[in-house]
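User: Can you walk me through the side-chain contacts in this one? Start with what counts as a contact.

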Amino acid sequence: MGRRREKKDTRSTGRAGRICSITGTILIVLVIILCSFLVLPGIFSYQMFNVISGSMEPAVKVGSLIYVHEEEPEGIKEKDIIAFYGMPEGGIITHRVVKNNVVSGTFVTKGDANDGEDPTPIPYDNFIGRVTLTVPYMGKVLTVMTSFYGKIAAACVVGLGAVLNLIGGKTKKLGTG
C-alpha cells in the first residue's frame with residue numbers, strides 16, 4: 001500500500017513540475033513577443049506611435065499603434081496617411097494627404113473626421129514618414145510597456161517565468177527520482 005501512494009505522489013509531483021515549467025516558458029515567450037513588436041521595427045527604419053486623438057477615425061482609431069516608415073516626401077501620394085510634426089507646438093500628427101506640392105515642398109493634409117483641410121500646409125521638413133500599418137488598441141500597450149512601470153512589470157514577469165522554470169525543473173527531478 002505504501003508503494004502505491006509513493007508512486008501517486010511521484011506522478012503528481014512530476015505533473016506539477018511540468019505545469020510550472022510550461023507556465024514559466026509561456027510567460028517568458030509572451031514578454032519576448034511583446035518586446036519584439038516594439039524593438040524590431042526600429043531596425044527596419046520604422047517608428048511607432050500611439051494615436052491619442054480621433055481626427056483620423058474610423059480609419060485610425062484612438063489607442064491604435066501606428067507603424068511609420070521613413071520615405072522620401074516627394075514619393076508620397078494623395079490619400080496616403082502620413083505622420084508629421086505639427087506647428088507651432090511640434091506634437092506628432094497623423095493625417096491623410098490631400099495634395100503633395102512637390103514644387104513648394106509642402107503637403108496639404110486633412111484628418112478623416114475633420115470637416116476641412118488643415119489650415120497650414122505641412123513643410124517637408126516636418127514630415128516623419130508614411131503610415132504603413134495600424135494595429136487597433138496596441139498603442140496603449142506600447143505606452144504602458146515603454147513606461148518606467150511597464151519595464152518593471154515586464155522584468156517581473158520574466159523573473160516569475162524563470163522562477164517557475166527553476167521550480168519546475170527541481171520538481172520534475174524529485175518526481176522521477
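Analyst: A salt bridge here is a side-chain nitrogen of Lys or Arg within 4 Å of a carboxyl oxygen of Asp or Glu. This is a predicted model, where local features need pLDDT of at least 70 and side-chain atom pairs count only at pLDDT 80 or more, while totals for chains, interfaces and linings use all residues. Residues are numbered from 1 along each chain as its sequence is written, and side-chain values use heavy atoms, with hydrogens and water left out.

User: OK, how many salt bridges does the structure hold?

Analyst: Two. In one of them, Arg 96 and Asp 112 meet at 2.8 Å, N to O. Arg 96 sits in strand E4 (residues 92-101) and Asp 112 in the loop between strand E5 (106-110) and strand E6 (122-123), so the pair links distant parts of the chain, 16 residues apart. Strands (E, at least two residues) and helices (H or I, at least four) are DSSP runs, numbered from the N terminus.

User: And what does Glu 71 form a salt bridge with?

Analyst: Arg 130, with the closest N and O atoms 3.1 Å apart. Glu 71 is in the loop between strand E2 (65-69) and strand E3 (81-85), and Arg 130 is in strand E7 (residues 127-135), so this bridge ties together parts that are 59 residues apart in sequence.

User: Is Glu 71 buried, exposed or in between?

Analyst: Partly exposed, at 26% relative accessible area. Buried means under 20%, exposed over 50%, and partly exposed in between (1.4 Å probe, protein chains only). Arg 130 is also partly exposed, at 26%.

User: Switching to rings. How many aromatic pairs are there?

Analyst: Three. Phe 107 and Tyr 124 form a tilted pair, 5.0 Å centre to centre with 45° between the planes. Rings of Phe, Tyr and Trp (its six-membered ring) pair if their centres lie within 6.5 Å; planes under 30 degrees apart are stacked, over 60 edge-to-face, the rest tilted. Both Phe 107 and Tyr 124 are buried. Ring pairs join these two and Phe 127 into a cluster.

User: What about Phe 148 and Tyr 149?

Analyst: They form an edge-to-face pair, 5.3 Å centre to centre and 75° between the planes. Phe 148 is exposed at 58%, and Tyr 149 is exposed at 65%.

User: Last one: which residues are buried in helix H2?

Analyst: In H2 (residues 138-145), Gly 139, Leu 142 and Met 145 are buried. They cover an arc of only 130° around the axis, which puts them on the same side of H2. That arc is taken from the directions from the helix axis to the C-beta atoms. The face turned away from the buried side carries the exposed Lys 140 and Val 144.
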